[in-house]
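Subject: Structure for you to look at

Hello,

Please find the structure below, with the sequence beside it. My notes on charged side chains and on the contact between the chains follow.

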Amino acid sequence: MNIGFQKIFSHLVPTVGLLGFISLWQFAAGFYPPVQLPGPLDVLRALRELMTDGVLFSHISISLYRFFSAYLLAVSIAIPLGLFLGSYITARRAMDPLLQVLRPISPIAWFPLAVLWFGIGNAPAIFIIFLSAFFPMLLATIDAVRQIPAIYLKVAANFGAGKMMVFLRVVIPAAFPGIMVGLHIAVGTAWIHLVAGEMLGAQSGLGYLIVDARNFLRTDWILAGMLVVGLLGLAIYRAMRQLEDLLKRRWGGV
Amino acid sequence: MGQQMTSGTMSLRGVAKYYRNPNGERMAALSPLDLDIAASEFVCLVGPSGCGKTTLINLLAGFDQPSCGSITIDGKPVTKPDSERIMIFQDYGLYPWKSALGNVMFALEAKGVAKSEAKATALHHLEIVGLKDSAERYPHQLSGGMKQRVAIARALAASPQVLFMDEPFAALDAFTRLRLQDELLRIWQEQQPTVVFVTHDLDEAIYLGSKVILMAPYPGRLRKIVDIQLPRPCDRTDSVFAAYRRELFREFQLVHEEAMDYAI
Ligand SMILES: Nc1ncnc2c1ncn2[C@@H]1O[C@H](COP(=O)(O)OP(=O)(O)O)[C@@H](O)[C@H]1O
Ligand SMILES: [Mg+2]
């Protein structure tokens with residue numbers, strides 16, 4: 001196979017796959033009433049409908065606001081804490097039982113408490129998203145610090161670098177690629193829990209849009225909402241990957 | 001390099017290092033030894049793997065503590081690493097997130113030298129190892145030989161009295177290795193640090209060392225110490241070189257055979 005053909009082929013395969021799925025969907029939709037399974041065209045129409053009066057955009061912007069504020073909150077707590085716990089074995093040992101027990105609890109299980117503590121509105125959803133991003137970030141940061149090659153610290157000690165210099169100029173940059181992995185994973189888990197959090201108690205946002213559409217039996221809106229969630233999630237994930245690649249290139253071999 | 005007359009003199013008395021093997025038995029990585037190294041001497045530790053070369057050099061550099069005995073450098077006991085004594089590793093130990101220049105500057109900034117001065121000094125040391133033009137390159141953009149040159153420049157930037165080198169050229173191709181041996185000799189002659197150089201290559205040891213210490217394993221110990229009287233750099237095809245080579249090689253082979261017997 002020559003290169004040109006290979007390139008076309010590699011683009012062709014996913015396109016064919018997608019088109020195949022859409023046709024199958026359209027075909028299947030023929031057997032059900034639209035309330036049960038709307039076809040792809042119905043969903044596109046619903047999407048346009050939602051877009052015309054700005055409803056969709058206000059849901060999107062509130063969702064993005066919750067997502068980013070929760071994510072940044074998680075970054076600002078999980079990374080310093082992870083750097084600390086990664087560096088000090090005693091602190092890590094002290095925290096370990098708590099982390100081991102908290103980690104398997106689905107962020108969704110916190111919802112009732114979140115409502116009790118924070119009332120309704122943005123706060124419970126932000127709390128759920130925060131939790132879902134926090135643990136992957138924390139654990140990745142701890143691991144990243146622990147896996148710093150001993151030789152980096154040996155060299156720093158040999159040249160007489162002070163504690164602060166070692167932390168800022170060796171530990172943080174050496175752990176950085178590992179922390180990036182955690183940030184990347186957390187984008188995925190946070191986005192998934194955004195919708196879940198909004199479905200449970202919020203009065204706005206993409207999750208709410210989906211639940212609310214069900215109350216009106218607007219199945220086409222449900223699917224349109226799901227489509228938007230998927231596409232936005234993909235876009236954020238891609239942007240994150242670009243950022244990661246950029247930083248990785250800067251970091252070279254690591 | 002600004003060191004005083006008698007700096008970098010090492011003295012080991014009854015130094016040993018024991019580890020416990022998985023069965024809990026005490027194993028001597030290094031059995032008790034005495035050793036003196038004079039200032040500005042170039043000492044090569046040579047021997048088969050497992051004979052305690054790395055253990056010994058780590059004790060000297062203060063990365064590890066002996067199980068018994070005392071190590072002093074210039075009369076002071078060695079308790080921790082010191083920027084007067086820099087270790088150069090086989091796998092370079094460069095920071096991949098820093099350029100060659102940044103890596104060398106690290107040595108200076110660790111001492112509290114201001115950035116602009118550190119930069120000028122670092123560039124000077126990169127020039128000494130012939131890498132001034134690669135100052136902005138990152139480690140992954142450098143060959144193995146160039147990386148080790150950066151590590152040497154970084155060590156020199158700290159103006160150490162002692163250089164410890166643990167098989168620094170073992171990962172390099174033969175040609176690069178020979179060139180770096182010559183560069184190291186030139187630097188040693190110009191700046192006169194004390195050098196402790198670990199290798200498992202007998203020719204490298206004779207070519208570089210003013211003193212070659214042959215070690216033997218099981219347990220790790222000093223087997224033979226030979227003073228090498230050759231001009232530096234010397235001719236590797238010279239008959240005196242060949243004589244040293246014969247003398248050490250016979251002993252080296254015996255050590256190897258014993259090590260083999262032990263392994264079988
Ligand atoms: N941290 C350690 N724990 C247990 N045994 C060790 C440790 N370090 C070295 N040894 C043992 O000590 C001996 C000498 O090792 P080393 O100094 O690395 O030898 P060399 O550098 O000459 O190859 C070996 O038998 C090795 O297995
Ligand atoms: Mg070794």
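Is Arg221(B) buried, partly exposed or exposed? Arg221(B) counts as partly exposed, because its relative accessibility is 25% and the buried class stops under 20%. Please keep in mind throughout that this is a predicted model.

Salt bridges within the chains

Side chains of opposite charge can pair when their charged atoms come close. Over all chains, the count is 17 salt bridges. Three of them are described here, each within one chain.

Arg221(B) pairs with Glu258(B) in a salt bridge, with 3.7 Å from N to O. The two residues are 37 apart in the chain: Arg221(B) is in strand 10 (residues 221-227) of chain B, and Glu258(B) is in helix 7 (residues 239-263) of chain B. Glu258(B) is partly exposed, at 36% relative accessible area. The pair also belongs to a network of salt bridges that links Arg221(B), Arg223(B), Glu251(B) and Glu258(B).

Another salt bridge in chain B joins Asp36(B) and Arg13(B), at 2.9 Å from N to O. Asp36(B) sits in strand 2 (residues 26-37) of chain B and Arg13(B) in strand 1 (residues 10-20) of chain B, so the pair ties together parts 23 residues apart in sequence. Asp36(B) is partly exposed at 40% relative accessibility, and Arg13(B) is partly exposed at 38%.

In chain A, Arg218(A) and Glu49(A) form a salt bridge of 3.1 Å, N to O. The pair links distant parts of the chain, 169 residues apart. Arg218(A) is in the loop between helix 9 (206-215) and helix 10 (219-251) of chain A, while Glu49(A) is in helix 2 (residues 40-52) of chain A. Relative accessibility is 25% for Arg218(A), which counts as partly exposed, and 37% for Glu49(A), which also counts as partly exposed.

A buried charge without a salt bridge

Which side chain of opposite charge is nearest to Glu204(B)? It is Arg177(B), 4.5 Å away. Glu204(B) is buried and has no salt bridge, because the rule asks for a nitrogen within 4 Å of a carboxyl oxygen. The side chain of Glu204(B) does make a polar contact with the side chain of Gln181(B), at 2.8 Å. Glu204(B) lies in helix 6 (residues 202-208) of chain B. Leaving out residues up to four places away in sequence, Glu204(B) touches Phe169(B), Arg177(B), Gln181(B), Phe197(B) and Thr199(B).

The size of an interface is often given as the accessible area lost when the parts come together. Chain A and chain B bury about 2000 Å² between them, and 66% of that is on carbon and sulfur atoms. On the side of chain A, Asn158(A), Phe159(A) and Arg169(A) lose the most area to chain B, together 37% of what that side buries.

In terms of contacts, 21 residues of chain A touch 25 residues of chain B. There are eight residue pairs in polar contact across the interface, counting pairs with both residues at pLDDT 80 or more. Helix 7 of chain A gives the most to the side of chain A that touches chain B, with seven residues. The residues on that side of chain A comprise 13 nonpolar, four polar and four charged.

The count between the two chains is one salt bridge. Arg169(A) and Glu109(B) meet in a salt bridge of 3.2 Å, N to O.

Regards

Methods:
Residues are numbered from 1 along each chain as its sequence is written. Chains are lettered from A and ligands numbered from 1 in the order in which they are written. This is a predicted model: local features need pLDDT of at least 70, side-chain atom pairs count only at pLDDT 80 or more; totals for chains, interfaces and linings use all residues. Side-chain values use heavy atoms; hydrogens and water are left out. Helices (H or I, at least four residues) and strands (E, at least two) are DSSP runs, numbered from the N terminus. Buried means under 20% relative accessible area, exposed over 50%, partly exposed in between (1.4 Å probe, protein chains only). Lys and Arg count as positive and Asp and Glu as negative; His and the chain ends are not counted. A polar contact is a pair of N or O atoms within 3.5 Å; within protein, one must be able to donate a hydrogen and the other to accept it, and residues adjacent in sequence count only if both atoms are side-chain atoms. Contact means heavy atoms within 4.5 Å. Buried area is the accessible area (1.4 Å probe) that two parts lose on being put together, summed over both. Ala, Val, Leu, Ile, Met, Phe, Trp, Tyr, Cys and Pro count as nonpolar, Asp, Glu, Lys and Arg as charged, and the others, Gly among them, as polar.
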